[in-house]
Structures are given as structure tokens and as C-alpha cells.
Amino acid sequence: MLVAGLEVSLGINISLIMILLSVFLLARAGYFAPRTSSAQSTSTVAATTAAVSATSAAAPPGGWLQVAPISVQLGCDGGQQTQFVVLANTGSQDVQWQVVFAVSADQPGVEVSPREGNLRAGTSIVLQIHNTSQSGGQQGTMRFEADTSAAGTPPSLSYASAGCS
């Protein structure tokens with residue numbers, strides 16, 4: 001009788017451990033993440049999610065600000081003329097940031113929206129990168145500079161845009 005009771009108890013304990021492990025793994029995978037409504041279109045969210053999952057592992061941990069993906073290719077048609085990237089503040093303080101182009105701001109061949117802002121600690125924002133090249137294609141780099149040196153090295157995003165006429 002005692003052996004049977006121990007066997008039942010052991011079976012129940014193993015089942016509970018397996019259930020807890022399953023819940024833990026599902027939570028880590030984001031299964032229980034809260035659902036929030038957004039003003040963004042479904043395609044914007046899908047494009048951003050794909051971009052982050054494709055390149056977030058490649059982004060170097062240089063400072064508080066992180067950008068993903070770290071490179072975009074812009075074309076001329078509706079699906080390729082605009083790309084989306086995520087700028088995240090992984091630091092412990094709010095950061096004022098701005099986009100700084102490696103070339104003259106009048107000639108980058110792309111438009112970024114928004115170009116500056118305040119990013120609270122632990123949050124992120126979706127940025128829109130739009131191809132504005134008219135004749136020849138453009139390529140370059142933009143940095144996301146913070147207002148404080150405590151934020152560390154600014155992340156960079158390289159881009160290449162086709163000429164659209």
C-alpha cells in the first residue's frame with residue numbers, strides 16, 4: 001500500500017514538473033504576451049516582426065540604443081520603396097535620439113520618419129525608411145545618436161536605394 005502511494009505521488013509530481021516546464025517554455029516563446037491594439041497596419045507589424053526576427057541576433061550590443069535590422073535594401077515599387085526598422089532603448093534611462101546621416105542631410109536618398117524623439121528605457125519604436133532617390137541609386141549609413149554619452153556607441157543602419165524616376 002505504501003509503495004502504491006509513493007508511485008502515485010511520484011507520477012503526479014513528474015506530471016506537475018512537465019506541466020510547469022511546458023508553461024515556462026511557452027512563456028519564453030511569447031505565447032502569453034499581452035495582445036495590444038495598434039494604429040499601425042498589419043503589414044507594418046508583419047514587416048517589422050520579420051525584420052527583427054531575421055536580424056536581431058546579428059545586432060552588436062554596443063550601447064543602449066539598438067537598431068534591427070542593421071541594413072535595408074530599398075526599391076521603387078510599393079513593397080520595396082518603404083522598409084521598417086525597430087529602434088530600441090535597452091538602457092536604464094530615457095534617451096533623446098536623432099538620425100545623423102554620413103552624407104549631407106539634403107542628399108541621402110532616403111527619408112526617415114520619425115527622425116528624432118524620446119525613447120523611454122526598455123521601449124522601442126518602429127521607424128519608416130522611404131526611398132527618395134530620383135535618378136541614380138544611393139547608398140549610405142545613418143547613425144542613431146543619443147543625447148547622453150552614457151548610452152554608449154550609437155548604432156548604425158546601412159542602406160542602399162534604387163533610383164526611381
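Author: pLDDT is the predictor's confidence in each residue, from 0 to 100. You need it here, because this is a predicted model. The mean pLDDT of the protein is 74. Of its residues, 61% reach 70 or more. Among the elements, strand 6 (residues 116–119) has the highest mean pLDDT, at 96. Helix 2 (residues 42–55) has the lowest, at 44. Over residues 31–60 the pLDDT is below 50. That stretch still has 24 contacts in the model beyond near neighbours in sequence. Where pLDDT is low, predicted coordinates should not be read in detail.

N131 has a relative accessible area of 2%. Buried means under 20%, so N131 counts as buried. Its side chain has two backbone oxygens to note. The backbone oxygen of G75 lies 2.8 Å from a polar atom of that side chain. The backbone oxygen of A162 also lies 2.8 Å from a polar atom of the N131 side chain. Leave aside neighbours within four places in sequence, and N131 is in contact with L74, G75, C76, Q81, G109, S161, A162 and C164.

For contrast, take T90. It sits in the loop between strand 3 (82–89) and strand 4 (95–101). T90 is exposed, with a relative accessible area of 54%. Not counting residues up to four places away in sequence, T90 touches G63, W64 and Q66. T90 and G122 are 32 residues apart in sequence, yet 5.1 Å apart in space, C-alpha to C-alpha.

Methods: Residues are numbered from 1 along each chain as its sequence is written. This is a predicted model: local features need pLDDT of at least 70, side-chain atom pairs count only at pLDDT 80 or more; totals for chains, interfaces and linings use all residues. Side-chain values use heavy atoms; hydrogens and water are left out. Buried means under 20% relative accessible area, exposed over 50%, partly exposed in between (1.4 Å probe, protein chains only). A polar contact is a pair of N or O atoms within 3.5 Å; within protein, one must be able to donate a hydrogen and the other to accept it, and residues adjacent in sequence count only if both atoms are side-chain atoms. Contact means heavy atoms within 4.5 Å. Helices (H or I, at least four residues) and strands (E, at least two) are DSSP runs, numbered from the N terminus.
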